Amino acid sequence: MNKSFEKSCFNNNNLFQLHHLKGSNITHAYSAEPHYDTHLTVAYFKHFCGNIKIEGNQTELGDGDIILLNHNEIHCVFSDDNNFCERITLYISENILKLFPSAPTELFDAFRRRPVGKDNFIPAKTVSSIGIDKLLEDIHLLCANPTPSNDALGICKTVELMSVLNKAIIPKNNTVVPGNTDIPIVNKIIKYLGEHFPEDITCDEIAAKFNISKFHMEKIFKSKTGISPWCYVIKRRLLFFNDLIKMGCGAEEACYKCGFKNYSNFYRLYKKHTGMSPSEFKQHLK
């Protein structure tokens with residue numbers, strides 16, 4: 001299928017990236033497979049009709065809605081390719097705070113204080129009422145007209161954005177959030193895998209633990225999450241590897257702590273899923 005969308009990408013000194021997409025078929029600009037981002041993500045669906053699935057939890061999206069994603073949240077976006085869409089996505093590096101030594105680390109609370117896969121959604125009404133849309137439009141305009149002063153303003157606007165996002169997300173953290181899917185057994189499996197992924201586990205053992213057949217477990221799990229239980233374990237391990245690297249752990253040591261038994265096999269898996277080598281990821285953090 002021929003693409004019928006326009007895509008613009010801007011990079012501000014590796015502190016944040018902004019992608020702007022508009023047109024139809026924009027889902028073809030991204031992988032249809034469940035994946036995760038290496039940075040904190042603010043996705044503004046300016047014009048959109050579709051849904052997003054995050055850690056098995058599906059949310060309907062409309063014009064003006066925003067989704068926040070931590071670097072460890074597996075997700076995929078679906079939309080009707082016949083509809084016109086416009087999306088602004090901001091990928092924020094945590095290194096941005098190095099420019100503001102006195103800035104509180106709480107600026108990242110909208111990402112860090114949320115349970116994985118929960119409280120990701122900011123409705124359009126809230127987005128417009130507290131000015132998140134205006135800030136993202138300002139950042140987009142500054143990126144599209146790069147000058148030293150606009151680069152600096154874009155960074156300041158991004159820090160301001162993080163502060164505003166806290167107002168939209170943090171008050172919700174004390175509420176009771178429903179399960180990730182409408183199938184209780186899938187929720188239990190997700191929870192179990194999230195707690196035991198570094199261990200030497202197999203799909204046969206997981207199925208036996210929950211007293212269901214391996215075939216049935218894999219079928220219902222994939223129908224609700226988009227990936228198999230074992231693929232979920234692999235992705236969780238790779239995410240944990242990234243966290244360990246960020247904390248200063250060596251690549252080979254981190255590999256074994258994540259549950260992998262062979263570094264060569266891990267290396268191939270990591271490059272296949274992330275598009276970069278472990279050393280390239282480490283270099284990307286600097």
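Select strand β1 (residues 4-12) together with β2: the two pair in the antiparallel sense over nine bridges. Strands, like helices, are DSSP runs numbered from the N terminus (E, at least two residues, for strands; H or I, at least four, for helices), and two strands pair if DSSP finds at least two bridges between them. The model is predicted: local features need pLDDT of at least 70, side-chain atom pairs count only at pLDDT 80 or more, and totals for chains, interfaces and linings use all residues. Residues are numbered from 1 along each chain as its sequence is written, and side-chain values use heavy atoms, with hydrogens and water left out.

Within this pairing, select Phe-10; its bridge partner in β2 is Leu-18.

Proceed next to the turn. Three residues separate β1 and β2, which form a hairpin. Select Asn-13, which lies in the loop between these strands. Its phi is positive, about 55 degrees, although Asn-13 is not a glycine. Asn-13 is exposed, with a relative accessible area of 55% (exposed means over 50%, buried under 20%, partly exposed in between; 1.4 Å probe, protein chains only).

Now display the whole of β2 (residues 16-24). Seven of its nine residues are buried, so the strand is largely enclosed by the rest of the structure.

Finally, select Asn-211, in the loop between α6 (203-209) and α7 (214-225). Asn-211 is not a glycine, yet has a positive phi of about 55 degrees. Asn-211 is exposed, with a relative accessible area of 71%.
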